[in-house]
Amino acid sequence: MIVMALDAPPMPRGTTLPEVNGRGLVSQQTPLQHGEQVFATFCSACHGAQGENGVAKSSKTTMDALVAFIKNPTGAMPKLHPDPLDDREVSAVATYVRTLQRP
Ligand code: HEC
């Protein structure tokens, strides 16, 4: 059900609107916070909470390389894009993965 607050004050100019994904989830998180949540939900079971299993020391350290791999993984890694992860979620999780990497 959609509830509209008719007496809500107008949003000030420049306010960032929350993003809504295809499943109706509203996110007001930064990409990094969102990516952390995606990682905990979809990646940490295999890769460890801190990416210690195969992610922290991966040779794929750029956004482009990570996004490309997550979209089209090799070996036993499951393909999670475009379902359950959309473009925005893949890019958020790649942003987070980069913070786990200590080359
Ligand atoms: C079911 C287990 C599983 C899940 C879930 C999983 N992975 Fe993987 N991942 C793997 C395996 C296995 C490999 C090694 C693939 C290979 O060697 O070809 C891998 C490899 C990787 C690599 C390293 C690629 C390289 O060449 O160095 C990255 C980065 C990665 N995964 C990120 C992720 C992210 C981000 C997620 C969540 C969106 C995720 N994985 C979810 C199993 C998984």
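Colleague: By class, how many nonpolar, polar and charged residues are in the shell around the ligand?
Modeller: The shell has 14 nonpolar, 6 polar and 1 charged residues. Ala, Val, Leu, Ile, Met, Phe, Trp, Tyr, Cys and Pro count as nonpolar, Asp, Glu, Lys and Arg as charged, and the others, Gly among them, as polar. This is a predicted model, in which local features need pLDDT of at least 70 and side-chain atom pairs count only at pLDDT 80 or more, whereas totals for chains, interfaces and linings use all residues. Residues are numbered from 1 along each chain as its sequence is written.

Colleague: Which residues are the closest to the ligand?
Modeller: Cys43, Cys46, Ser58, Gly75 and Met77 are the closest of the 21 residues that surround the ligand. A residue counts as near if its C-beta atom, placed from the backbone, lies within 6 Å.

Colleague: And which elements give two or more residues to that shell?
Modeller: They are α2 (44-47), α3 (63-71) and α4 (87-100). Helices are DSSP runs of H or I with at least four residues, numbered from the N terminus.

Colleague: Turning to the packing, at what angle do the axes of α1 and α4 cross?
Modeller: The axes of α1 (residues 31-42) and α4 cross at roughly 90° and come within 7 Å. The two helices are therefore roughly perpendicular, a term for angles of 65 to 115 degrees. Axes are lines fitted to C-alpha atoms over the stretch in contact, and angles run from 0 to 180 degrees between N-to-C directions.

Colleague: Where is Pro82?
Modeller: Pro82 is in the loop between α3 and α4, and the peptide bond from His81 to Pro82 is cis, with omega near 10°.

Note on methods
Parallel < 35°, antiparallel > 145°, perpendicular 65-115°, else oblique.
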